[in-house]
Amino acid sequence: MRDMGGDQVEQAVAGALVPLRAAEGRDWEVDAGRLEWSCRRTAEHIASDLIAYAAQLAGRPADRYVPFDITFEDCEGPADVLDVVEATGALLAAAVRAAPREARAFHPYPFRSANREGFAAMGVAEVLLHTHDIAEGLGLSYEPPAELCEDVLTRIFPHVRPGPGHWRTLLWATGRGDLPDRAPQDDWRWSNNLVVPAERLTLQGVTPAAAADLNTGGTGGFEWIGGGPFEGTRDAAGMLVKAYEAGVHRPEFGVFVLVRREDGRAVGGMGFHGAPDDEGRAEVGYDLAEAARGSGYATEALNALSAWALAREDVTSLIATVDRDNSPSRAVVTRAGFTLSGGNEENHVYELRG
């Protein structure tokens with residue numbers, strides 16, 4: 001799986017600076033594309049976001065932005081502002097590389113935190129999209145590498161169905177372009193992965209990029225204990241990829257990897273078979289790597305995920321289908337409070353109501 005990290009931040013910034021530096025002598029007080037900001041103000045915004053994301057990763061606050069700001073009063077022209085963009089890009093790249101994989105910091109959309117991959121993806125998105133805005137205002141030609149656009153889409157736009165070209169899709173997803181048979185996007189947000197905490201574990205939402213890697217035999221970017229990931233996690237990742245490609249994936253009802261707090265190693269997978277139905281029922285499934293079984297991880301994770309789901313207004317009950325012969329799995333759902341509600345010759349069906 002291609003990483004989303006400091007290299008991508010540097011690639012995005014370097015690619016943006018080439019056309020922008022060539023246009024330093026133009027009038028940067030004109031509007032930037034469809035924005036109400038000038039081209040100069042938009043470039044200042046890029047730098048401000050890059051340094052803000054770097055500060056979040058360095059300080060790692062859990063509930064707010066670090067009260068950190070920069071001013072551009074000493075920047076006499078576009079060349080000076082672009083120097084700041086270049087420097088803040090380098091700072092974000094360094095912060096991403098220095099942050100541990102498990103580190104998270106506050107970001108409001110939509111689940112109140114992001115990891116280093118998320119901050120890198122958001123930084124790249126800010127650079128690509130606002131360079132597009134400035135280029136439109138200045139009459140420049142600009143198109144970033146397709147792989148960078150795909151990196152962004154598969155990390156922080158999991159709800160957006162892939163379209164005819166990654167750059168065109170990213171522009172449409174952010175209200176900057178049109179796609180055939182899709183309504184314009186007037187109100188949009190990106191989506192960092194959800195993390196549900198448990199006592200010894202964190203349940204980390206799997207992005208489409210990670211799911212594609214898991215489904216084809218990779219690690220999904222996680223460090224697994226021996227025997228993992230198990231087949232069920234790979235199959236669930238494949239279902240996530242299909243939902244993403246069909247444009248029906250809802251990341252909060254996707255797949256989660258169970259990661260131990262003590263060492264950051266993945267021990268299994270858990271998640272939903274899809275979004276709740278019209279009656280508010282959602283089905284859950286899970287498996288553990290063989291080396292992690294017998295330690296209560298599955299019960300702990302199921303308790304945490306169940307509590308999170310049933311606290312939502314759109315979920316009224318959870319169901320789990322378990323092979324009749326799988327006594328360990330039946331014990332897990334029973335310990336998590338599920339009760340037998342039906343089944344057939346092959347399976348038991350258990351339910352937990354809110």
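Colleague: Let's start with accessibility. Is Trp 224 buried or exposed?

Modeller: The general idea is a percentage of relative accessible area: under 20% is buried, over 50% is exposed, and anything in between is partly exposed (1.4 Å probe, protein chains only). Trp 224 comes out at 9% relative accessibility, so it counts as buried. Phe 222 is buried too, with a relative accessible area of 9%. Keep in mind that this is a predicted model: local features need pLDDT of at least 70, side-chain atom pairs count only at pLDDT 80 or more, and totals for chains, interfaces and linings use all residues. Residues are numbered from 1 along each chain as its sequence is written, and side-chain values use heavy atoms, leaving out hydrogens and water.

Colleague: Those are aromatic residues. How many aromatic pairs are there?

Modeller: A pair of aromatic rings is described by how far apart the centres are and by the angle of the planes. Rings of Phe, Tyr and Trp (its six-membered ring) pair if their centres lie within 6.5 Å; planes under 30 degrees apart are stacked, over 60 edge-to-face, and the rest tilted. That rule gives nine aromatic pairs. Take Tyr 142 and Trp 167: their ring centres are 6.0 Å apart and the planes meet at 90 degrees, so this pair is edge-to-face.

Colleague: Where in the fold do Tyr 142 and Trp 167 lie?

Modeller: Helices (H or I, at least four residues) and strands (E, at least two) are DSSP runs, numbered from the N terminus. Tyr 142 is in the loop between helix H4 (116-138) and helix H5 (146-156), and Trp 167 is in helix H6 (residues 166-173), so the pair ties together parts 25 residues apart in sequence. Tyr 142 is buried at 13% relative accessibility, and Trp 167 is buried at 8%. Phe 222 and Trp 224 form an edge-to-face pair as well, 6.4 Å centre to centre with 70 degrees between the planes. Ring pairs also link Phe 157, Trp 188 and Trp 190 into a cluster.

Colleague: Now a charged residue. What does Arg 40 touch?

Modeller: Contact means heavy atoms within 4.5 Å. Leaving aside residues up to four places away in sequence, Arg 40 touches Trp 28, Glu 29, Phe 72, Cys 75, Glu 76, Gly 77 and Val 81. Arg 40 sits in helix H2 and is buried, with a relative accessible area of 17%. A polar atom of its side chain lies 3.2 Å from the backbone oxygen of Phe 72.

Colleague: And the backbone? Which residues other than glycine have a positive phi?

Modeller: Arg 60 is one, with phi near 55 degrees. Arg 60 is in the loop between helix H2 (39-59) and helix H3 (78-98), and is partly exposed at 36%. Arg 112 is another, with phi near 75 degrees; Arg 112 is in the loop between S1 and S2 and partly exposed at 48%. Pro 110 is placed between strand S1 (104-105) and strand S2 (114-115). A cis peptide bond joins Tyr 109 and Pro 110, with omega about -15 degrees.

Colleague: Last one: which element gives the largest share of the lining of the largest pocket?

Modeller: H8, with eight residues. Helix H8 (231-246), strand S7 (265-272) and helix H9 (297-310) are among the elements that each supply at least two lining residues.

Methods. A polar contact is a pair of N or O atoms within 3.5 Å; within protein, one must be able to donate a hydrogen and the other to accept it, and residues adjacent in sequence count only if both atoms are side-chain atoms.
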